[in-house]
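Subject: Structure for your review

Dear colleague,

Please find below the sequence and the structure that I am handing over to you. My findings follow directly after them.

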Amino acid sequence: MRILYLYPTDWNREIADCERGVVPSHRVWGYADVRKMGLEAFVCPTPRWFGRWLSKPILWRIYQAFFAVFRQGSVDCIFAINEASVLPALALKRLGVLRTPVVVVNTGLMNKRNQSGKRKAMWSAVLPAADAIVSLSTMERDATWRMFGLREDRQFLVNMLVDTHYFQAAGALGGGDYILSAGTNEGRDYPTLMKALPREEKLLVVTDAYNAAIIERNREPGMQIEVRQAVPIQQLKTLYERAKAIVNPIGEVDFASGHTILLENMSLGRPVIVSMVRGMKDYFEDGVTAIGVKPYDVEDMGRKLRAYLDDPGSFAHIGIRAKESARKFASEEFAAKLLAIAARVSGSPAGAAKETALETRTE
């Protein structure tokens with residue numbers, strides 16, 4: 001089977017870094033794992049000319065869509081790692097110019113900005129051209145097709161992935177003087193964490209400019225809070241390992257948020273304090289593989305955080321179970337599930353076997 005991967009921007013450098021072991025394989029969404037399985041996975045090449053123009057995401061996506069048309073005779077299926085990367089390609093598919101089956105990974109279709117007005121109309125027009133839409137949570141899978149008037153039988157659940165080989169602890173965990181929280185997008189709930197934070201504790205937050213501004217607005221005198229942005233993944237892994245505690249505060253939003261941070265730390269064997277929002281119900285069991293807190297509940301988060309800080313050893317069993325549980329979210333499992341869906345929608349000769357694999361892996 002030959003798979004063309006579509007990315008929102010030129011991902012060739014990220015893929016090269018992954019092949020060198022510099023970044024984890026989940027950064028390329030199963031691409032490396034598909035190749036390890038002996039299948040042909042490839043991407044749109046970086047052009048020798050017009051590189052400056054194609055650094056703009058929309059122009060890259062248009063260029064990528066026409067590359068897909070040009071290569072469609074030698075491609076069995078297209079994997080789009082998020083909806084933004086595939087918009088021009090779906091428009092061409094809707095027009096009948098592109099005929100290759102397309103599998104879209106839904107990372108933000110249920111974001112509020114897509115649920116009304118022109119954006120909703122746009123997605124409602126092009127998404128029916130997709131042969132399969134893969135959602136990362138049960139919440140999204142069950143809502144996306146209704147929101148955009150899609151076929152329910154083209155909706156699939158494949159949970160977020162993590163490179164369990166990359167996220168292995170290099171030594172003893174802890175030892176730092178800070179609590180760590182990380183993550184980007186509108187799904188984060190840093191204000192609740194800030195209110196629950198003991199004043200004597202230091203909080204390090206790795207996030208984006210959007211959340212950095214929210215933190216600054218909610219900062220009170222005396223708070224020991226440091227915000228960092230664009231931290232390289234190798235440094236972030238070290239920060240995970242050394243932190244006194246890992247807290248993953250999430251708000252109730254309609255799209256997947258916080259899963260990567262949770263899974264990376266589960267793979268390291270760290271007990272994570274995480275909000276029990278709807279989008280997280282597929283990922284952990286409270287008190288078994290993570291420490292659940294009620295969304296937006298300052299008192300509950302403060303109590304759970306203080307209990308962990310006072311006696312982290314009493315939560316060691318959660319770290320052990322978390323590490324075991326992370327294996328079912330491994331990047332190779334994610335790739336295998338996508339390939340099973342590809343076999344189904346492409347009519348591959350291996351389709352029957354792949355469908356059996358899909359049913360087994362998604363139970």
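Helix α11, residues 259-268, is largely enclosed by the rest of the structure, because nine of its 10 residues are buried. Please bear in mind here and throughout that this is a predicted model. The buried residues of α11 are H259, I261, L262, L263, E264, N265, M266, S267 and L268. What do these buried residues pack against? Their partners are the strands β7 (178-182), β10 (245-248) and β11 (272-275), together with the helices α10 (233-242) and α13 (316-326). Directly after α11 comes G269, which has a positive phi near 90 degrees.

I turn next to the aromatic residues. Searching the whole structure gives 11 aromatic pairs. One of them joins Y5 and Y7, whose rings are stacked, with 5.9 Å from centre to centre and 20 degrees between the planes. Both Y5 and Y7 are buried. Y5 also pairs with F79: the ring centres are 5.4 Å apart and the planes stand at 80 degrees, so this pair is edge-to-face. The cut-off behind that term is an angle of over 60 degrees between the planes. Y5 belongs to strand β1 (residues 2-6) and F79 to strand β3 (residues 77-80), so the pair ties together parts that are 74 residues apart in sequence. F79 is buried, as is Y5. Y5, Y7, W11, Y31 and F79 make up one aromatic cluster.

The crossing in which α4 passes α5 is right-handed. Which residues of the two helices meet? On the α4 side they are R61, I62, Q64, A65, F66 and V69, and on the α5 side A84, S85, P88, A89 and L92. Sorted by class, this contact of α4 with α5 has eight nonpolar residues, two polar and one charged.

Is the crossing of α5 and α6 left-handed or right-handed? It is left-handed. From α5 the contact takes in E83, A84, L87, L90, A91 and R94, and from α6 it takes in M122, W123, A125 and V126. By class, the contact of α5 with α6 has eight nonpolar residues, two charged ones and no polar ones. A84 of α5 takes part in the contact with α4 and also in the contact with α6.

Several single residues complete the account. T100 sits in the loop between α5 and β4 (102-106). With a relative accessible area of 4%, T100 is buried, since the term applies to values under 20%. Leaving aside residues up to four places away in sequence, T100 touches Q72, V75, D76, C77, I78, K93 and D131.

A16 is found in helix α1 (residues 12-19). Its relative accessibility is 33%, so A16 counts as partly exposed. Between A16 and G38 there are 18 Å in space, C-alpha to C-alpha, and the two are 22 residues apart in sequence.

W29, in the loop between α1 and α2 (31-36), has a positive phi near 55 degrees. W29 is buried, at a relative accessible area of 13%. A230 is not a glycine either, and its phi is positive at about 50 degrees. Where does A230 lie? Its place is the loop between β9 (224-229) and α10. At 76% relative accessibility, A230 counts as exposed.

With kind regards

Conventions:
Residues are numbered from 1 along each chain as its sequence is written. This is a predicted model: local features need pLDDT of at least 70, side-chain atom pairs count only at pLDDT 80 or more; totals for chains, interfaces and linings use all residues. Side-chain values use heavy atoms; hydrogens and water are left out. Rings of Phe, Tyr and Trp (its six-membered ring) pair if their centres lie within 6.5 Å; planes under 30 degrees apart count as stacked, over 60 as edge-to-face and the rest as tilted. Buried means under 20% relative accessible area, exposed over 50%, partly exposed in between (1.4 Å probe, protein chains only). Helices (H or I, at least four residues) and strands (E, at least two) are DSSP runs, numbered from the N terminus. Contact means heavy atoms within 4.5 Å. A crossing is left-handed if the near helix is turned anticlockwise from the far one by less than a right angle, and right-handed if clockwise. Ala, Val, Leu, Ile, Met, Phe, Trp, Tyr, Cys and Pro count as nonpolar, Asp, Glu, Lys and Arg as charged, and the others, Gly among them, as polar.
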